[in-house]
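Subject: Structure handover

Hello,

Here is the structure we spoke about, with my notes below it. Please read the notes with the model open beside you.

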Amino acid sequence: MNKKNVLYIKDLNKIYSKNSSKSVKAINNLNLEVKEGEIFGLLGPNGAGKSTFINILSGTTIKTSGEVNVWGFNLDINPRQVRASIGIVPQEVNIDPFFTPRNILELQAGMYGIKKKDRITDSILKLVSLEKQAKSYTRALSGGMKRRLLVAKALVHKPPIIILDEPTAGVDVELRTKLWESVKLLNKQGVTIILTTHYLNEAEQMCDRIGILNKGNLVALDTTKNLLKRIQTKIVRFSVNNKVNINNNSLKSVNIISNEINELQISYEKNAINISEIIKFINDQNIKLLDISTDDGDLEDVFIRLTKN
Ligand code: ADP
Ligand code: MG
């Protein structure tokens, strides 16, 4: 174990109790580790518990039980050090429109008690490509620029960990790309990134590892590569010259989507059966294959599968 454990979560639980009759278990026995230098993505549908988790880390929500360690500091023992170790990029843009990006970063630095000579305002502005806008009113910035300013704000105290809660929700594609460039650049400089997102293809491209939360339960935790490999549903459409005699029990993992005289559509698990076995099954019935088209599964498949019910 040469890489430092940036995040170490043990048996974490959060129950919101509005009144005695109705309580919500937002986090259910979560165990998780994130290593130094990773880009870790937490995915999950609405209400999965992603924000609850992040709010526990940032100190705005109190956990019900369990252990939270950030950068080697235990949240119950050293909450200040935990807070100093992370920079949080919130989901909502809440910046005073009459301040300039430079003012905002300077104010934030003041709040953290960083001396003038130790401030890194200019290099942060450069990192998020806002150096040209340093002296503009933030109300004049585009949505994407405002987001990048939020990232900049989270960097003022040079935290080794940056946490972003759905940073690209509602941001258009071009600006999203710019934001992710900033995040990747930060990561290259050694900052560990933890993010939540709804955009699965984004997680696929950005994250080294992914955890999937569903109703407070961690239903998957693996490298992005393994996650894609592990449950890969493929959809195949065969054009045939006759109806294939097949049912859901004919071949391992094969599910019939539709079976017509001239077309058979199935789904199958790539790791359970090879397509050549399916073709052989059809050929053995003296049926001619006229055409084959396949549809590759992506993280969407894994996600839907794991969060169904
Ligand atoms: P996500 O960010 O993944 O959408 P949240 O962490 O916001 O999920 O919510 C998880 C669950 O906890 C949901 O069922 C939500 O209704 C509930 N919840 C969140 N915040 C509160 C709160 N302050 N009081 C009561 N229930 C809450
Ligand atoms: Mg949320």
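I will begin with the ligand site, and please keep in mind that this is a predicted model. A backbone N or O atom of glycine 49 is placed 3.0 Å from an oxygen atom of ligand 1. Of the 560 Å² of accessible area that ligand 1 has on its own, the protein covers 64%. Two elements, strand 2 (23-35) and helix 1 (50-58), each give two or more residues to the shell around ligand 1. Helix 1 supplies the largest share of that shell, with 3 residues.

At glycine 47, a backbone N or O atom is 2.7 Å from an oxygen atom of ligand 1. For alanine 48, a polar backbone atom lies 3.1 Å from an oxygen atom of the ligand.

If you want to display the whole shell around ligand 1, select Tyr16, Lys18, Val24, Ala26, Pro45, Asn46, Gly47, Ala48, Gly49, Lys50, Ser51 and Thr52. By type, the residues of this shell are 5 nonpolar, 5 polar and 2 charged.

Next, the helix packing. How do helix 5 and helix 6 cross? Helix 5 (residues 143-155) and helix 6 (residues 173-188) have axes that come within 9 Å and cross at roughly 20°. Angles under 35 degrees count as roughly parallel, so helix 5 is roughly parallel to helix 6. The crossing in which helix 5 passes helix 6 is right-handed.

Helix 5 also pairs with helix 3 (residues 101-111): the two axes come within 9 Å and cross at roughly 25°. That angle makes helix 3 roughly parallel to helix 5. The crossing of helix 3 and helix 5 is right-handed.

Last, two backbone details in loops. Tryptophan 71 is not a glycine, yet it has a positive phi of about 55°. You will find tryptophan 71 in the loop between strand 4 (65-70) and strand 5 (73-74). Lysine 215 is not a glycine either, and its phi is positive at about 50°. The loop that holds lysine 215 runs between strand 9 (209-214) and strand 10 (217-223).

Regards

Definitions and conventions: Residues are numbered from 1 along each chain as its sequence is written. Chains are lettered from A and ligands numbered from 1 in the order in which they are written. This is a predicted model: local features need pLDDT of at least 70, side-chain atom pairs count only at pLDDT 80 or more; totals for chains, interfaces and linings use all residues. Side-chain values use heavy atoms; hydrogens and water are left out. A residue is near a molecule or strand if one of its heavy atoms lies within 4 Å of it. A polar contact is a pair of N or O atoms within 3.5 Å; within protein, one must be able to donate a hydrogen and the other to accept it, and residues adjacent in sequence count only if both atoms are side-chain atoms. Accessible areas come from the Shrake-Rupley method with a 1.4 Å probe; for residues, only the protein chains shown count as cover. Helices (H or I, at least four residues) and strands (E, at least two) are DSSP runs, numbered from the N terminus. Ala, Val, Leu, Ile, Met, Phe, Trp, Tyr, Cys and Pro count as nonpolar, Asp, Glu, Lys and Arg as charged, and the others, Gly among them, as polar. Axes are lines fitted to C-alpha atoms, for helices over the stretch in contact, and angles run from 0 to 180 degrees between N-to-C directions. Angles under 35 degrees count as roughly parallel, over 145 as roughly antiparallel, 65 to 115 as roughly perpendicular and the rest as oblique. A crossing is left-handed if the near helix is turned anticlockwise from the far one by less than a right angle, and right-handed if clockwise.
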